Amino acid sequence: MSSVLVRNIEIVNPDRIFWADVLFEDETIVKISEDSIESEAKVYDGTGKLLIPAGIDPHVHLSLPTHAGPSCDDFKTGSRAAIAGGTGALIDFVTPERGQSLIEATEARLKEAKVSEVPVKLHVGITWWDDSLDAEIESLIKDYGIKTFKVYMAYLDNIGLEVCDLHKAMKSIAAHGGIMALHAELGHEIAKIQHDFIETGRTAAFNHPWSRPAYCEFDAVEKALFYVSATQCTTYFVHISTAESVQLIRKAKAEGLPVYAETCPQYLLLDDEKYNGAFKDVAVFIMSPPLRPKENIDALWDALKDGTIDTVGTDHCPFTMKQKLHGYSDFTRIPNGAGGIYHRMALMYTYGVLNGDLTLGEWVQICSSNAAKIFEFNEFGKIEEGNTKAVIWDPEAEERIGDTHPYSHADINAFSGLKIKGKAIKISEL
């Protein structure tokens with residue numbers, strides 16, 4: 001058994017910050033004391049460092065199948081990137097073929113996830129609907145411990161649901177005590193705009209954001225909230241990117257509707273000016289929803305601060321430039337996505353805490369504690385005796401983000417060039 005005594009470290013919990021000695025045995029916290037702990041264990045001086053709950057990234061797409069090949073991080077590389085960045089658990093997705101059993105697709109995805117070096121939960125996609133799926137949803141909740149079910153209001157030609165089926169799925173999920181994770185964009189409107197663009201020769205990559213305008217998100221959020229009110233289905237809105245969506249969700253929460261919201265570092269730190277340039281400059285930032293005008297950024301930070309937005313996920317779905325080039329002559333064929341697992345905690349620390357938009361406690365909440373509560377990661381979210389999911393954070397470490405990093409196969413990075421402070425230290429490395 002390996003014992004380490006960490007002296008005089010600043011413990012950051014969502015509700016309290018204090019300095020203490022912490023005794024670990026095989027990475028498990030066995031004692032926390034604000035008085036000096038006496039032990040024969042190896043001593044590590046924690047002065048100037050933080051002890052935080054390991055992060056939870058509630059939104060990643062590892063080995064996601066696309067026409068350009070799978071997203072280029074698998075569960076092995078993705079989980080290693082998570083660990084290196086201070087994240088200790090991931091939630092990925094099951095995306096069944098239309099007509100495929102949800103349980104069959106889930107079992108296949110669980111096999112893929114076995115190589116992960118961190119705990120993985122799954123949002124099970126509902127990509128089609130008939131009444132037989134009600135029993136599968138019930139079984140996934142009761143027999144597999146699956147809590148959330150993903151529905152896309154976009155991508156109606158392959159994995160999205162029409163509104164009438166969205167309503168049916170919501171009723172079923174609510175009846176069985178689950179959560180719907182919802183991608184809110186108006187699929188029919190986006191398909192029409194994209195078709196018109198291609199027909200008129202607007203095929204270049206910089207047309208991407210214009211083909212998914214902001215109203216396609218907030219009108220979809222408004223429509224979804226109508227059905228949340230009707231069904232009382234607990235709904236988790238993923239990757240919120242617009243100020244108008246924030247207003248709708250804030251109002252819904254004030255009215256007592258059972259809703260949660262997530263945003264991503266890219267929508268907090270980058271804007272649509274990234275779409276000015278040549279293909280290889282723009283393709284890095286092709287994601288859905290797209291980056292928005294700068295005026296949305298302050299609204300998203302305010303929403304994190306006041307609790308309207310509960311979590312920050314990455315929507316980690318990286319591709320190589322070779323894969324992005326599949327859409328060189330047609331922007332609708334550029335695989336959508338960017339990476340973020342490795343840098344999420346440091347980005348939110350640097351541009352949230354150090355910039356004064358978040359307290360340390362709020363940083364821990366949005367990166368770990370809130371997701372732990374929503375998605376029932378019982379060992380996560382708080383530093384306490386018995387905890388096995390803690391990370392030491394060195395706030396003085398500095399890095400300039402590059403195009404690549406050792407834990408990813410991607411050769412492009414949406415955050416390239418940004419300076420970050422803070423670095424995770426594993427307890428096992430002490």
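**Entry 1: Ile 126 and the cores**

I began with the neighbours of Ile 126, leaving aside residues up to four places away in sequence: Ile 126 touches Leu 102, Leu 133, Ile 137, Phe 149, Lys 150, Val 151, Ile 159, Leu 161, Ala 169 and Ile 173. Contact here means heavy atoms within 4.5 Å. A note on the source: this is a predicted model, where local features need pLDDT of at least 70 and side-chain atom pairs count only at pLDDT 80 or more, while totals for chains, interfaces and linings use all residues. Residues are numbered from 1 along each chain as its sequence is written, and side-chain values use heavy atoms, with hydrogens and water left out.

Next I looked up the nonpolar cores (sets of buried Ala, Val, Leu, Ile, Met, Phe, Trp, Tyr and Cys residues joined through side-chain atoms within 4.5 Å). For burial I used relative accessible area with a 1.4 Å probe on protein chains only: buried is under 20%, exposed is over 50%, and partly exposed is in between. The largest core has 108 residues, and Ile 126, Phe 237, Met 348 and Trp 363 have the most contacts inside it. Helix H14 (residues 360–375) gives the most to this core, nine residues. I also found a second, separate core of 18 residues, which includes Val 22, Leu 51, Ala 390 and Ile 427. Helices (H or I, at least four residues) and strands (E, at least two) are DSSP runs, numbered from the N terminus.

**Entry 2: helix H11**

I then asked which residues of helix H11 (residues 295–306) are buried. They are Asn 296, Ile 297, Ala 299, Leu 300, Trp 301, Ala 303 and Leu 304. These buried residues pack against helix H8 (243–254), strand E12 (259–263), H9, strand E13 (311–312), helix H13 (344–353) and H14. Just after H11, I noted that Gly 307 takes a positive phi of about 90 degrees.

**Entry 3: salt bridges**

My search of the whole structure gave 18 salt bridges, each a side-chain nitrogen of Lys or Arg within 4 Å of a carboxyl oxygen of Asp or Glu. One of them joins Asp 92 to Arg 109, with the closest N and O atoms 2.7 Å apart. The pair links distant parts of the chain, 17 residues apart: Asp 92 is in strand E7 (residues 87–94) and Arg 109 in helix H2 (residues 102–113). Asp 92 counts as buried at 0% relative accessibility, and Arg 109 is buried too, at 8%.

Arg 109 also meets the side chain of Glu 112 in a salt bridge (3.1 Å, N to O). Both lie in helix H2, three residues apart, about one turn of the helix. I reminded myself that an α-helix has 3.6 residues a turn, so residues three or four places apart point the same way. Glu 112 counts as partly exposed, at 39% relative accessibility.

Another salt bridge pairs Arg 212 with Glu 185, the closest N and O atoms being 2.8 Å apart. Arg 212 sits in the loop between helix H6 (208–211) and helix H7 (214–231), and Glu 185 in the loop between strand E10 (179–183) and helix H5 (187–199), 27 residues apart. Arg 212 and Glu 185 are both buried. I also noted one network, in which salt bridges that share partners join Lys 76, Arg 80 and Glu 117.

**Entry 4: cysteines**

How many disulfides does the whole structure hold? I found zero, taking a disulfide as a pair of cysteine sulfur atoms within 2.5 Å. The sulfur of Cys 216 is 18 Å from the closest cysteine sulfur, in Cys 264, and therefore too far for a bond. For Cys 264, the nearest cysteine sulfur is that of Cys 317, 12 Å away. Cys 216 counts as buried at 0% relative accessibility, and Cys 264 counts as buried at 0%.

**Entry 5: pockets and cavities**

Grid points are joined across faces, edges and corners, and a volume is the space filled by probe spheres set on the points.

The largest pocket holds about 1300 Å³ of space. Its lining has 49 residues, with Leu 64, Pro 65, Tyr 155, Asn 158 and Ile 159 nearest its centre. H5 gives the most to this lining, five residues.

I found two cavities of 30 Å³ or more.

Note on methods: On a 1 Å grid over the protein atoms alone, a cavity is a set of points where a 1.4 Å probe fits but cannot get out, and a pocket is an open set with protein on both sides within 12 Å along at least five of seven lines; lining residues have an atom within 4 Å of a point.
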